[in-house]
Amino acid sequence: TPYGVWSAGLTRNILSLSDDLLEYELHEEPWNIHGTLDLDNATGKYNTPGSGALVDLRLGSRLRIDFGWYQPGAGPVHEGYRDLYLLGWEHDVAPGRAFLRLRLGSPAALLDAARVRSSRQWAANSTDIWAIATKKI
């Protein structure tokens, strides 16, 4: 029997950051994509990521970066997208502007940044999986 019941909402919340985007930088390497997004925080809109209206902007959140531009007469042009994960953020102030810098990475970077909460140890040459799982060795 399970030790608890896990559930999650079926609706997807979408938080568009496009209007506040000041600058982005993206580095693509084999098996790793990472970069930064700078968001305009002059109004204090991004003072508390992960809470309030920004509850979906928290560590580990998936951000879909949609590359494209607007072409007069033709409308939006879509070039493709990348799914990156939020690894961290920092508030910064530069002359004449305040911004929130989001540090993003690929799933590989997200796994690399993860920390194990607990670990198990067992004696060498142990063959009893139940003893290993319940830490009786």
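How many cavities of 30 Å³ or more does the count come to? The count comes to one, where a cavity is a set of points on a 1 Å grid over the protein atoms alone at which a 1.4 Å probe fits but cannot get out. Before going further, keep in mind that this is a predicted model, with local features needing pLDDT of at least 70 and side-chain atom pairs counting only at pLDDT 80 or more, while totals for chains, interfaces and linings use all residues. Residues are numbered from 1 along each chain as its sequence is written, and side-chain values use heavy atoms, leaving out hydrogens and water.

**Overall layout**

The protein has two helices and five strands, taken as DSSP runs numbered from the N terminus (helices are H or I with at least four residues, strands are E with at least two). Starting at the N terminus, the order is β-β-β-β-β-α-α. Of the 137 residues, 23% are buried (buried is under 20% relative accessible area, exposed is over 50%, partly exposed is in between, with a 1.4 Å probe and protein chains only). The accessible surface is about 10800 Å², and carbon and sulfur atoms hold 54% of that; these areas come from the Shrake-Rupley method with a 1.4 Å probe. Among contacts with a separation of 6 or more, 42% are between residues 24 or more positions apart, a contact being heavy atoms within 4.5 Å.

**How the strands pair**

Strands count as paired if DSSP finds at least two bridges between them. Strand β5 (residues 97-105) runs antiparallel to β2, with seven bridges, and β4 (residues 75-94) runs antiparallel to β5, with nine bridges. Leu102 of β5 is a handy landmark: Leu37 is bridged to Leu102, and so is Trp89. The β4 and β5 hairpin has two residues between its strands, and Gly96 there has a positive phi near 85°.

**The cavity and the pocket**

A pocket is an open set of grid points with protein on both sides within 12 Å along at least five of seven lines, and lining residues have an atom within 4 Å of a point. Volumes are the space filled by probe spheres set on the points, which are joined across faces, edges and corners. For the residue classes, Ala, Val, Leu, Ile, Met, Phe, Trp, Tyr, Cys and Pro are nonpolar, Asp, Glu, Lys and Arg are charged, and the others, Gly among them, are polar.

| Space | Volume | Lining by class |
|---|---|---|
| Largest pocket | about 1000 Å³ | 11 nonpolar, seven polar, six charged |
| Largest cavity | about 50 Å³ | seven nonpolar, one polar, one charged |

The largest pocket has 24 lining residues, with Leu15, Arg62, Leu63, Arg64 and Ile65 nearest its centre. Two or more lining residues come from each of β1 (21-29), β2 (32-40) and β3 (62-71), and β3 gives the largest share, seven residues.

Around the largest cavity sit Tyr24, Glu25, Leu26, Thr36, Leu37, Ile65, Phe67, Leu84 and Leu104. Here too β1, β2 and β3 each supply at least two lining residues, but the largest share, three residues, is from β1.

**A loop residue to look at**

Trp31 is in the loop between β1 and β2. Its phi is near 65°, a positive value in a residue other than glycine. Most residues other than glycine have a negative phi. Is Trp31 buried or exposed? Trp31 counts as exposed because its relative accessibility is 83%.
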